[in-house]
Amino acid sequence: MLAIGGVVGLVSPRFPPAIGGVERHVEVLSQELVRCGQKIEILATDPTGSLKAIERQGCVRLRRFPTWLGDGTYFLSPAMAWWLLRHAQEFELLHVHSYHTLIPLFGALAAARAGRSTLGAARDL
């Protein structure tokens, strides 16, 4: 497997330590992509407001954004949407996850505006 030349952004409503299928999928996917030589940045929300906003987990940069009113159902995050609009051009590809929230839509719109590719992961886990 060949790595994409730039950074791949994995956009997900949540990421561990949150527990769930999408969370675990994105975690394992990021580890495997790094193992294949890909640069990865994960963009997720933190409805609790208790986790670090930016951290590194091994070779992966992780950014967490607050949700509106601590929303842990739809993960509405204006902060993430605005950040993606300003920074989507820094990614070669935005891989969006969890179509039942607005998070993939934020990623897809930001990528299209920046002339970048989007890959959607539409699955029920």
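Visitor: Buried means under 20% relative accessible area, exposed over 50% and partly exposed in between, with a 1.4 Å probe and protein chains only. By that rule, is Thr67 buried or exposed?

Guide: Thr67 counts as buried, because its relative accessibility is 9%. Please keep in mind that this is a predicted model, in which local features need pLDDT of at least 70 and side-chain atom pairs count only at pLDDT 80 or more, while totals for chains, interfaces and linings use all residues. Residues are numbered from 1 along each chain as its sequence is written, and side-chain values use heavy atoms, with hydrogens and water left out.

Visitor: Where is Thr67 found?

Guide: Thr67 sits in the loop between β4 (60–65) and α2 (78–87), where helices (H or I, at least four residues) and strands (E, at least two) are DSSP runs numbered from the N terminus.

Visitor: And what does Thr67 touch?

Guide: Counting a contact as heavy atoms within 4.5 Å, and leaving out residues up to four places away in sequence, Thr67 touches Thr45, Asp46, Pro47, Phe75, Leu76 and Ser77. There is also a polar atom of the Thr67 side chain 2.9 Å from the backbone nitrogen of Asp71. That distance can be set against the rule for a polar contact, a pair of N or O atoms within 3.5 Å, where within protein one must be able to donate a hydrogen and the other to accept it, and residues adjacent in sequence count only if both atoms are side-chain atoms.

Visitor: Are Phe75 and Leu69 buried or exposed?

Guide: Phe75 counts as buried because its relative accessibility is 6%, whereas Leu69, at 72% relative accessibility, counts as exposed.

Visitor: New topic, rings: how many aromatic pairs are there?

Guide: The rule takes rings of Phe, Tyr and Trp (its six-membered ring) as paired if their centres lie within 6.5 Å, with planes under 30 degrees apart called stacked, over 60 edge-to-face and the rest tilted. The count by this rule comes to two aromatic pairs. One of them is the tilted pair of Phe65 and Trp83, with 5.7 Å centre to centre and 55 degrees between the planes. This pair links distant parts of the chain, since Phe65 is in strand β4 and Trp83 in helix α2, 18 residues apart. Ring pairs link Phe65, Trp83 and Phe91 into a cluster.

Visitor: Which residues touch the most other members in the largest nonpolar core?

Guide: A nonpolar core here is a set of buried Ala, Val, Leu, Ile, Met, Phe, Trp, Tyr and Cys residues joined through side-chain atoms within 4.5 Å. The largest one has 16 residues, of which Val11, Leu43, Met80, Trp83, Leu84, Leu94 and Ile103 touch the most other members. At least two residues of this core come from each of α2, β5 (93–97) and α3 (103–114). Another core, of 13 residues, lies apart from it, and Leu10, Phe15, Val26 and Leu29 are among its members.

Visitor: What is Leu84 in contact with?

Guide: Leaving aside neighbours within four places in sequence, Leu84 is in contact with Val11, Leu43, Leu94, Phe106, Gly107 and Ala110.

Visitor: And the strands: how many bridges join β1 to β2?

Guide: Strands pair if DSSP finds at least two bridges between them, and five bridges join β1 (residues 7–11) to β2, which run parallel. Val11 stands opposite Leu43 in β2. The chain crosses from β1 through α1 to β2, and this β-α-β crossover is right-handed, a word used if, with the strands pointing away from the viewer, the path from the first strand over the helix to the second runs clockwise.

Visitor: Why is β2 largely enclosed?

Guide: Strand β2 (residues 39–45) is largely enclosed by the rest of the structure because six of its seven residues are buried. β2 also pairs with β4 in the parallel sense over five bridges, and Arg61 in β4 is the bridge partner of Glu41.
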